[in-house]
Every structure is written in C-alpha cells, then in structure tokens.
Amino acid sequence: MDLHTHSTVSDGELSPADLLGCACDAGVELLAITDHDTLDGYAQASSINSGCELLAGIELSTNWRSVGIHVVGLNISPDNPVLLEGIRQQKSARADRAATIAERLEKAGFPDTLAGAQLVAGKAILGRPHFATYLVESGQVKDIQTTFRKYLGRGKIGDVRENWAPLGDVIAWISAAGGHAILAHPAKYKLTNLKLEELVRDFRAEGGHALEVISGRQDSALTGRLARLAKRQGLMASAGSDFHQPSPHHAGPGEIDPLPQVCKPVWEAW
Ligand code: MN
Ligand code: MN
Ligand code: MN
C-alpha cells in the first residue's frame, strides 16, 4: 500500500490516471492520492477500473508555532461541506501568497511573473517551482537552482509564508469528513526531539489520529524512533512514499519499508 502520493493536480509529474497505473504496476493494492490542498486527483482517478483500491486523500498545509506542517487526510468523504469549505480557504491562502511572491519578484526586476508562472502551472495550484520554471524558461535566470538560491529559497524575497489555517482546524475538517488525520513526514520539519514531541502531543490533543512513521526511503533508525514516538503518544501509524515523480533518488509508488511490529496501522481502523 501507499498512503501518500502526488499527481499533476498539485506538484506531481504523473496525471492521476498515470499515477494509479504506475502504482498498480508496482504491485500497490491500496493507494491514496494525497495532493496538496485539493481532492481533484481522486475525483479524476476514482472512476478508473484498476486492480488497485483508491482512497480519497489530501495533504493540507498548516502552521504550528510558525512552522509549516503538513497533515494528510485519509479515507475522507470527498463531498463533505466542511472539508470543501476548508479547501476553499486553503486555495485563497495560496492565491494570496502567489500574488505576494509576484509583487516581490516585480520589485526585484522581474515583471509579470504571476501570469507566466500560472501558464507553467496550468491547472495546478501555483507554487514556487512554477515561478522558478517561468524565470528560467523566459531566459531571466540561468537555472532552477539559481532561482531558489537567489530569489525563492529559504530566507529570500520569494520565501513568503502562507496564511494557512491552524492545525486544529485542518484536523477538524478531516474528522468532519469522516477521515483520519495523519501528521506527515515528521522528520522533514527539522525540529529538535523535544519540539517534535511537543508537535506530536499538540497534534494528538487537537484530535489527530496517526503519525506517518514511514515517508519514502528512510533509514531504519529513524523508522524505529518514529514508531516509538507514535506508540508513546498513543497514535496509529501510516506509511507512504510521498511520490512526486519517477526518479532514481526517491521512492516510487509503494516502494517503502513495512511498518514496525510495534505500530498500530491506521488502515486497520477502516
Ligand atoms: Mn509536494
Ligand atoms: Mn508534505
Ligand atoms: Mn506530500
């Protein structure tokens, strides 16, 4: 199974149909398409007949003590009005952010990047990679790496913080839609052990259900540490590749280690 993947409706490279096909070919039997702040991938793939069971999922962005945190929602009912209103809020937070990035790039001497980046993004939700691609394709910056190093990376002018809904809200939307809220890739936030423990405690206190104990390729020491953390905090465990594109450097769909014995898998609750 693979409970965390991305398609072209957010920042993935495969269409929802191709993602489903690729996962099936890899032997995945239970797949969640969890695009950033949208259910459109699930909507596009759910009618396809394949050997693979598809779960409705989403990856919602939120802020916790001004740290950007991701919460995956799994097995949600995709037409729940509370969740849909939440997604609408996230979309407008993202649009406001894109406009701010464009304003700042304009001040730095790059006019009209909003329209250009939107052209790159197509129907996908606009993010920094689209601005980067536009700046390179329009010949204004020599390569993607340089765009991030000088303009879009951490601490640069294009590093604009979104006004995401608070942690408790996104968990509540997922719960309202009958789903389970998973704290995604806990090691990616680069928190100290103490801070991570606090985040996980707050996540649970706000009604969160599970910790993503396995995210893509990771070493077994980290897996063990996260499995113990989940158990200590009374959370179930989830696992996913966080697949974005076929690449030798990242896990493909389903290419993840099994959960340690000590974990209580979230899918056993379904
Ligand atoms: Mn992503
Ligand atoms: Mn994420
Ligand atoms: Mn993800």
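**View 1. H70, a partly exposed residue in a predicted model.** H70 has a relative accessibility of 21%, so this residue counts as partly exposed. The cut-off matters here, because a residue is called buried only when its relative accessible area is under 20%. The model shown in this and every other view is predicted.

**View 2. The manganese ion (ligand 2) and its protein donors.** Three residues supply the protein donors of this ion: E59 through OE, H70 through ND1 and H185 through NE2. These donors lie 2.1 to 2.2 Å from the manganese ion (ligand 2). Along the chain, the donors follow the spacing E-x10-H-x114-H. E59 belongs to strand β3 (residues 53–64) and H70 to strand β4 (residues 67–74), so the pair ties together parts that are 11 residues apart in sequence. E59 is buried, with a relative accessible area of 1%, whereas H70 is partly exposed.

View 3. H36 sits in the loop between β2 (30–33) and α2 (40–45), and H244 in the segment after β7 (236–240), so the pair ties together parts that are 208 residues apart in sequence. Both H36 and H244 are buried.

**View 4. The two manganese ions together.** The manganese ion (ligand 1) and the manganese ion (ligand 2) are 5.5 Å apart.

**View 5. The chain around the sites.** The chain contains nine helices and seven strands. Its radius of gyration is 18 Å, which agrees with the value near 18 Å for a compact globule, because the chain has 270 residues. Along the principal axes, the C-alpha atoms fill a box of roughly 55 × 45 × 40 Å. Of the 270 residues, 51% are buried. Among contacts with a separation of 6 or more, 68% are between residues 24 or more positions apart.

**View 6. Surface and charged side chains.** The accessible surface of the chain is about 12700 Å², and carbon and sulfur atoms account for 49% of this area. There are 26 positive and 32 negative side chains. The centres of these two sets lie 9 Å apart.

Notes. Residues are numbered from 1 along each chain as its sequence is written. Chains are lettered from A and ligands numbered from 1 in the order in which they are written. This is a predicted model: local features need pLDDT of at least 70, side-chain atom pairs count only at pLDDT 80 or more; totals for chains, interfaces and linings use all residues. Side-chain values use heavy atoms; hydrogens and water are left out. Helices (H or I, at least four residues) and strands (E, at least two) are DSSP runs, numbered from the N terminus. The radius of gyration is taken over C-alpha atoms; the globule rule is 2.2 Å times the number of residues to the power 0.38. Buried means under 20% relative accessible area, exposed over 50%, partly exposed in between (1.4 Å probe, protein chains only). Contact means heavy atoms within 4.5 Å. Accessible areas come from the Shrake-Rupley method with a 1.4 Å probe; for residues, only the protein chains shown count as cover. Lys and Arg count as positive and Asp and Glu as negative; His and the chain ends are not counted. The place of a charge is taken as NZ of Lys, CZ of Arg, CG of Asp or CD of Glu. Donors are N, O and S atoms within 2.8 Å of the metal (3.2 Å for Na, K and Ca); water is not among the atoms, so sites may look incomplete.
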